[in-house]
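Trainee: I would like to learn how to read a few features of a model. Can we go through them one at a time?

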Amino acid sequence: MARSDSFFIRADLNIGGGATFNNYEQTAIDLGAYVDALGKSVLRIHNVAVSITDENGSFAEITGAEEAGAEFQLLTQSQGSMVLPSNRAIISSGSVIAYRFTGGNGLPAQSTESLDNLPQLWTNGYLVAVDQIFLGGQASEKWAGDVVVSITMECTVETMTQAAAMALALSQQ
């Protein structure tokens, strides 16, 4: 099976926060340069690194003594809201919940992250044969400003074999 050297695809999505609550945001990531179904060229995602920051790439602050949450999902199909991690369109998903115990805007005193599905958890990464994937997410209103989800995916392009086609058909689309 022919494979390329690995390369990186990056994407950012402002998922709100501040004055908005649970408004699902989504952006498409074009894979047309890598995926060609007729030419049997597919993308394999080996790793996904995720950062959840403010709009400047710094720590996201919380307003007062509150808790705040943010969640994201990387999908093979467009969605109108968050879906369960068991959904066949999910490539990767996760969330962060943060708490601040004192008044005034500032950094969380405690935070917990949950990265539910990451391609690096699987033996062979995650095979993608669609022209675009979607990064979606939402954030609660207790963040001091907007929250941005940034992802970096380590990928390779490979020729789809009959075995890979069968695995793709059985697991995803």
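**Reading the model**

Mentor: Asparagine 23 is partly exposed, with a relative accessible area of 39%. Keep in mind that this is a predicted model.

Trainee: Where does asparagine 23 lie?

Mentor: Asparagine 23 is in the loop between β1 and β2.

Trainee: Which residues does asparagine 23 touch, not counting residues up to four places away in sequence?

Mentor: With those neighbours set aside, asparagine 23 touches Ile15, Gly137 and Gln138. Another pair to look at is asparagine 23 and serine 140: they are 117 residues apart in sequence, while their C-alpha atoms are 8.6 Å apart in space.

Trainee: Next, the aromatic rings. How many aromatic pairs does the structure hold?

Mentor: A pair of aromatic rings is described by the distance of the centres and the angle of the planes. The structure holds one such pair. The ring centres of phenylalanine 7 and tyrosine 34 are 4.9 Å apart and the planes are at 25°, so the pair is stacked; planes under 30 degrees apart count as stacked.

Trainee: Which parts of the chain does the pair link?

Mentor: The pair links distant parts of the chain, with phenylalanine 7 in strand β1 (residues 7-17) and tyrosine 34 in the loop between β2 (25-30) and β3. The two residues are 27 residues apart.

Trainee: Is tyrosine 34 buried, partly exposed or exposed?

Mentor: Tyrosine 34 has a relative accessible area of 27% and is partly exposed, because buried means under 20% and exposed means over 50%.

Trainee: Now the strands. How many bridges join β3 to β9?

Mentor: In a regular strand the side chains alternate between the two faces of the sheet. For the pairing itself, look at direction and bridges. Strand β3 (residues 41-54) and strand β9 (residues 146-159) run antiparallel and are joined by 13 bridges. Within this pairing, serine 41 stands opposite threonine 159 in β9, and asparagine 47 has glutamate 154 as its bridge partner.

Trainee: What is the bridge partner of phenylalanine 8 in β9?

Mentor: Glutamate 154 is the bridge partner of phenylalanine 8. The strands concerned, β1 and β9, pair in the antiparallel sense over nine bridges.

Trainee: Which residue in β7 stands opposite arginine 44?

Mentor: Leucine 127 in β7 stands opposite arginine 44. Three bridges join β3 to strand β7 (residues 126-128), and the two run antiparallel.

Terms used:
Residues numbered from 1 in each chain as written. Predicted model: local features only at pLDDT ≥ 70, side-chain atom pairs only at ≥ 80, totals over all residues. Heavy atoms only, no water. Pairing = 2+ DSSP bridges. Helix = DSSP H or I, 4+ residues; strand = E, 2+ residues; numbered from the N terminus. Phe/Tyr/Trp six-rings, centres within 6.5 Å; stacked < 30°, edge-to-face > 60°. Buried < 20%, exposed > 50% of the residue type's maximum accessible area, 1.4 Å probe, protein only. Contact = heavy atoms within 4.5 Å.
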